[in-house]
Amino acid sequence: MTVAVTAAGGQLGRLVVEALLREGTTPVVAIVRDPQKVADLAERGVEVRQAAYDDPDALDRALAGVDRVLLVSGNEFGARVAQHTNVIRAAERAGVKLLAYTSIPRATENPLILAQEHIGTEAVLAESAVPYAILRNGWYWENYLGGLGHAVETGVLHGAASDGRVAGAARADYAEAAAKVLTTDGHEGRVYELGGNESLTYAELAEVISQASGKPVRYENLSTEDYNAALEQAGLPAPYAAALADADAGIGNGILDVDSGDLQKLIGRPSTPAIEIFRAALA
């Protein structure tokens, strides 16, 4: 059995490859745009194949002989459904036995801006000929690292989540879950709602940052509009700022508070606490 991971040079994809290598039970194919980014993986026995999501011919070559594949959702907003469809069609032509896709929690009812292309991709999968599994990854604690230094420096964590809770986990936890789905049986047709053990409000998240840094940090809640403006003022592109502010509003409404236990069942342990991620980042 051969397992492939798309976007294997990215943050999540590389971690999935690493998890597969630790499992050591199957040959691994890393599908990337730029093979130089994963030259170290090639040196460790990973077969590297070059393909982009918008290149059907290259995808056909990349998936040849592959039994199972993880489709890591792309980052080209506005083009993702078409690009993901290219991968799904290539998987059909290759006779892939299982395609796992990284989606977003509660995708069929999720109103977030970030959810819309996941909804579209899941719809394509539902009508495809390839057996599939949906990995609806919850929030990564690493999502907060970009603003971590500023929060520690100013003593204020800003957001627009009110008292909503987010059940986050480490990116590596989700990668380990994906590797488990790719290397074990019985996942066809399954939809996994993945979230961490910790379900934190932003006020509690600020307390965790205080513990990790040894400096006082408090949470200051803004309106969605004001948080959007603050993100733009900090230099984020307008579409990305709008998506992040919208995500915080969704957290305020509970859309990312996942308590299914699916992640823990797949990885066989509790998820990584937020404080471990923050301490490592601040070390």
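Q: How do you know how helix α9 and helix α10 pack?
A: Helix α9 (residues 224-233) and helix α10 (residues 238-252) have axes 9 Å apart and an angle of about 145° between them. Axes here are lines fitted to C-alpha atoms, for helices over the stretch in contact, with angles running from 0 to 180 degrees between N-to-C directions. Helices (H or I, at least four residues) and strands (E, at least two) are DSSP runs, numbered from the N terminus. The model is predicted: local features need pLDDT of at least 70, side-chain atom pairs count only at pLDDT 80 or more, and totals for chains, interfaces and linings use all residues. Residues are numbered from 1 along each chain as its sequence is written, and side-chain values use heavy atoms, leaving out hydrogens and water.

Q: Which residues of α9 meet α10?
A: Contact means heavy atoms within 4.5 Å; in α9, Thr224, Tyr227, Asn228, Leu231 and Glu232 take part. Their partners in α10 include Ala238, Ala241 and Leu244.

Q: What makes β5 and β6 a pair?
A: Two strands pair if DSSP finds at least two bridges between them. Strand β5 (residues 98-103) and strand β6 (residues 132-137) have five bridges, in the parallel sense, so they pair. Threonine 102 stands opposite leucine 135 in β6.

Q: Why is one side of β3 and of β8 left without a neighbour in the sheet?
A: The open sheet has seven strands in the order β3-β2-β1-β4-β5-β6-β8, with parallel pairing. Because β3 (47-50) and β8 (191-194) stand at the edges, each has a single partner strand.
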